[in-house]
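Dear colleague,

I am passing on the structure below, together with some notes for your own work. Please read the notes beside the model.

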Amino acid sequence: MTDSDPLSITLGVEEECFLVDPDSLDLVRDPDPGFLDACQRNAGPHKVVPELLRCQVETNTRVCTSIAELGEARREVRRILVETAAQYGMKILAISTHPFADWQVQGVTRKERYQRLTTRMQDVVRRALIGGMHVHAGFGNADQRVRVMTALRQYLPVFNALSASSAFSEARDTGFKSWRLSVFGGLPRTGVPGPLASAEQYQAVIDRFRHMELISDGSELWWDIRPSHAFPTVELRICDTVPLLDDGTAIAALYASLIRRLMRLDADGTLRQGPPVEIISENRWLAQRYGTLAFLGAEAGGREDIDDIVTRLIDEVSEDAEALGCADEVARMHDIIRFGTAADRQVDLYRLRRLEKSPHDDALRAVVDSMIEESTRGL
């Protein structure tokens, strides 16, 4: 694809990861301040930045023009993070909840914005011991990005199910595959946005919030998908952090391919907004609860297996995946469903260890160990 191509797409990924003590496998509450400085020195075209809680860190890839480039960029920045963490006696855990860490003992990063947010939100934000993967896609003009974003909302449950990695929290099996969304939902202005037809309509939403002195800018609309405040992109925010690099890149490939298809429909005048926000939100809950085993509400009536939904979606975007050079990555969705997500593997390993008579705490430590290994695989 070239920049002059009306269907060209640029991509970037943000990931929030945990810093783990290699002996206890618990979170590092107060990492050496030199760690982030070293990450930034080593980051090259990427970025490594602090998160609200000091036990977390966020990586940002450079802007990429293909899925192949994005995959390499993600590998580069993950490697930088893992190697630098090792120099400071830490390991990296790239999932969305730590299985047994206690949110009540974590420290907030000494940054004015985070201190102000904590003062305002109190325990709702302090207990947000969670991380996510955000995929940015740059394409079209501002109006088209808003129209495509509105059409993308119906697929949010699928992206959540495919990325699920937060089955455990506070030493408990939550019964959910993406518990992160339940925690994040305690904050205001989260979830599925309503339908929007233009950039002007989106700006009117921001202006109304600002007029009421509820937000300062669009970065405080924490929706599952949104126009980025800082970049000319649509930011997919519903995904859990995915430990396996190839799986995360495959999810980004599906996102890009779907966007390209919706751009074509928009050009033809056949783009549809999708189901009512209430139906999308219901399917979202089913996805976070059951993951790749979910049966979602279908437009034709009844429930539909997410495997069938993904199979149909892969077929629908096949032309676009070929054009973007990522057909193999998109086809990987079949493997994610067949072999499970990180959340599925966590639950399976925990139950296996308990059947083998391991104590509860040891079984949870085995889960952390396995996810650390996945977080470094392929580097």
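This is a predicted model: local features need pLDDT of at least 70, side-chain atom pairs count only at pLDDT 80 or more; totals for chains, interfaces and linings use all residues.

Residues are numbered from 1 along each chain as its sequence is written, and side-chain values use heavy atoms, with hydrogens and water left out.

A pocket here is an open set of points, on a 1 Å grid over the protein atoms alone, where a 1.4 Å probe fits, with protein on both sides within 12 Å along at least five of seven lines; lining residues have an atom within 4 Å of a point. Grid points are joined across faces, edges and corners, and a volume is the space filled by probe spheres set on the points. Helices (H or I, at least four residues) and strands (E, at least two) are DSSP runs, numbered from the N terminus.

The largest pocket has a volume of about 1,200 Å³, and of its 47 lining residues the closest to the centre are Glu 14, Glu 51, Glu 58, His 134 and Arg 226. By class, this lining holds 21 nonpolar, 13 polar and 13 charged residues, where Ala, Val, Leu, Ile, Met, Phe, Trp, Tyr, Cys and Pro count as nonpolar, Asp, Glu, Lys and Arg as charged, and the others, Gly among them, as polar. Strand 1 gives the most to the lining, with six residues.

The second largest pocket, of about 540 Å³, is lined by 25 residues, and those nearest its centre are Gln 154, Tyr 155, Pro 275, Glu 299 and Arg 312. Helix 11 gives the most to this lining, with four residues, and the classes here are 15 nonpolar, four polar and six charged.

Strand 1 (10-20) is mostly covered, with ten of its eleven residues buried, that is, under 20% relative accessible area (1.4 Å probe, protein chains only). Strand 1 runs antiparallel to strand 5, to which six bridges join it, and Thr 10 stands opposite Gly 138 there. Strand 1 also pairs in the antiparallel sense (pairing needs at least two DSSP bridges) with strand 3 over five bridges, where Cys 17 has Val 57 as its bridge partner, and with strand 4 over three bridges, where Leu 19 stands opposite Ile 92.

Finally, helix 8 (residues 199-211) reaches 18 Å from its first C-alpha to its last, close to the 18 Å expected, the expected span being 1.5 Å times one less than the number of residues.

With best wishes

Conventions
Buried means under 20% relative accessible area, exposed over 50%, partly exposed in between (1.4 Å probe, protein chains only).
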